[in-house]
Amino acid sequence: MAQQREITELGNPVLRQRAESVENISNPKIQQLIDDLILTAAEASGVGIAAPQVSESLRIFIIAGTASSRYPDAPETEVRVVINPEIVSVSDEVEKGWEGCLSIPGLRALVPRHKYIRAAYRDRNNNLVEEDFLDFAARVFQHEYDHINGVVFLDRVESSLEIITENEYMKLVTESDSEEEE
Ligand code: ZN
């Protein structure tokens, strides 16, 4: 049965390590970890979570499936389990967008990311998947991919002026939503 795991926070060395490739995806411990990641992300209203965020230094992350209260504008998609990923190609076009992180509570920042990426990875059944990600999904993928390389979103922020608190971010989102409705 899936268990909710404790989320590591910035300062924990596991978040700064390059995670190891997964050798045996069918191993029950790996399958358990995947179930735990899905549950832990859902309970924390995250749009994704990487194994180092639950103290497992392995190249696995998930991209969560449902719209989240932390990201009210996130589109609904199915859950993806991403194992041993590679980014095959990226767009020249880079866009800044707001990001937060379950391991860095209370902060949001504007982070430049490739607008489009093509990735290759294994799913939890060891199938090789090649998939294109655009906009928000590409952003989440790049954020989680950074985690398995020991990088966090604050490392990519271009100016400390583009870091704000989650409370202020929520005001921004609420205000822009009401403007759209007017
Ligand atoms: Zn994160």
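Two strands count as paired if DSSP finds at least two bridges between them. Helices (H or I, at least four residues) and strands (E, at least two) are DSSP runs, numbered from the N terminus. The model is predicted: local features need pLDDT of at least 70, side-chain atom pairs count only at pLDDT 80 or more, and totals for chains, interfaces and linings use all residues. Residues are numbered from 1 along each chain as its sequence is written, and side-chain values use heavy atoms, with hydrogens and water left out.

Five strands form an open sheet in the order β1-β2-β3-β6-β7, with antiparallel pairing. Its edge strands, β1 (48-50) and β7 (128-134), each pair on one side only. Neighbouring strands are turned by 40° against each other on average, direction ignored. Angles run from 0 to 180 degrees between N-to-C directions, with axes fitted to C-alpha atoms, for helices over the stretch in contact. Strand β6 (residues 116-122) pairs with β7 over 7 antiparallel bridges. I117 has F133 in β7 as its bridge partner.

Two helices pack on the sheet, with contact meaning heavy atoms within 4.5 Å. Helix α1 (residues 28-43) touches β1, β2 (60-63) and β3 (80-90), and its direction makes about 40° with that of β2. Helix α2 (residues 135-147) touches β1, β2, β3, β6 and β7; its direction makes about 120° with that of β7.

C101 (SG), H143 (NE2) and H147 (NE2) coordinate the zinc ion at 2.0 to 2.3 Å. Donors are N, O and S atoms within 2.8 Å of the metal (3.2 Å for Na, K and Ca); water is not among the atoms, so sites may look incomplete. The donor spacing in sequence is C-x41-H-x3-H. C101 lies in the loop between β4 (94-99) and β5 (107-114), and H147 in helix α2, 46 residues apart.
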